[in-house]
Amino acid sequence: MIYIKNDTELDLIRKSGEVLKDTFLEIEKLIRVGVTTGELDRYAEEYIHSRGCVPAFKGYQGYPASICASVNEEVVHGIPGARKLEDGDIVGIDMGVIREEFYSDATRTFAVGEINEEARRLIEVTRESLDLGIEKARAGNHLSDISHAIQEHAEKNGFSVVRSLVGHGIGRQMHEEPQIPNFGPPGKGPVLQAGMVLAIEPMVNVGTENVYTLKDKWTFVTVDRNLSCHFEDTVAVTENGPEIMTR
């Protein structure tokens, strides 16, 4: 069942998203060669608490940290720790915020120092794929119109989209219906309605689309160990078009 949020609920998600947006602005200042992913995690947790909110990821299904920090071939759910970021790395920071019982969720991928042209293009194309998907989050469209827009742009640029991991609805729960694949034909699935809130999150790889989980049972990596990139925003479907609640 896809929950349709009323105006009060949309406003609560919007306020949660504002805190998440601000947290990203603070984290971006810290991204540099030599910083550990654990330091980024501690800072994010303290900042979110300072705003009277709760990091949504910590403790969720047993996850041990407040952010996911996925470096290079890590696709999602990288656990922050002692790893130091190096020149040429890319790092995807995935975070969520709970404010007054409502969730927001977003991801940004950052360049560390000087990155090569392939990494730069991957970040650019993944960000563009997200924007094209968001553009399809309009009342009257089908859910798979979002999926198709993401896949078409990523593959047109020579990359692959991860198929075993998907976006999701969001609101009073972190993960609500519907699931949002990053691939598929247009014109399929539920018809989008005003009041739906979606976490749209393309995961785009340089090489194969296939991924697997490391022994920590959380971190997904690419099978061929080529680079992966992840962007995400929480988006409301409104009568006036998509509203991005985490920018």
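This note walks through the nonpolar cores and a few strand pairings of the model.

1. A word on the model to begin with. It is predicted, so to speak of local features we need pLDDT of at least 70, side-chain atom pairs count only at pLDDT 80 or more, and totals for chains, interfaces and linings use all residues. Residues are numbered from 1 along each chain as its sequence is written, and side-chain values use heavy atoms, leaving out hydrogens and water.

2. Look for the largest nonpolar core, which has 26 residues. Such a core is a set of buried Ala, Val, Leu, Ile, Met, Phe, Trp, Tyr and Cys residues joined through side-chain atoms within 4.5 Å; buried means under 20% relative accessible area (1.4 Å probe, protein chains only). Leu 122, Ile 146, Leu 192, Leu 198 and Ile 200 touch the most other members. Two or more residues each come from α3 (117-135), α4 (143-156), β9 (197-200) and β14 (233-238). Helices (H or I, at least four residues) and strands (E, at least two) are DSSP runs, numbered from the N terminus. The largest share, six residues, is from α3.

3. Another core, of 21 residues, lies apart from it and includes Val 19 and Phe 24.

4. Now find the hairpin that joins β7 to β8 through six residues. Strands β7 (residues 167-169) and β8 (residues 176-180) pair in the antiparallel sense over three bridges; pairing requires at least two bridges found by DSSP. His 168 stands opposite Gln 179 in β8.

5. Finally, an open sheet of three strands runs in the order β3-β12-β11, with antiparallel pairing. β3 (74-76) and β11 (211-213) are at the edges, each with a single partner strand, so one side of each has no neighbour in the sheet.

Terms used:
Buried means under 20% relative accessible area, exposed over 50%, partly exposed in between (1.4 Å probe, protein chains only).
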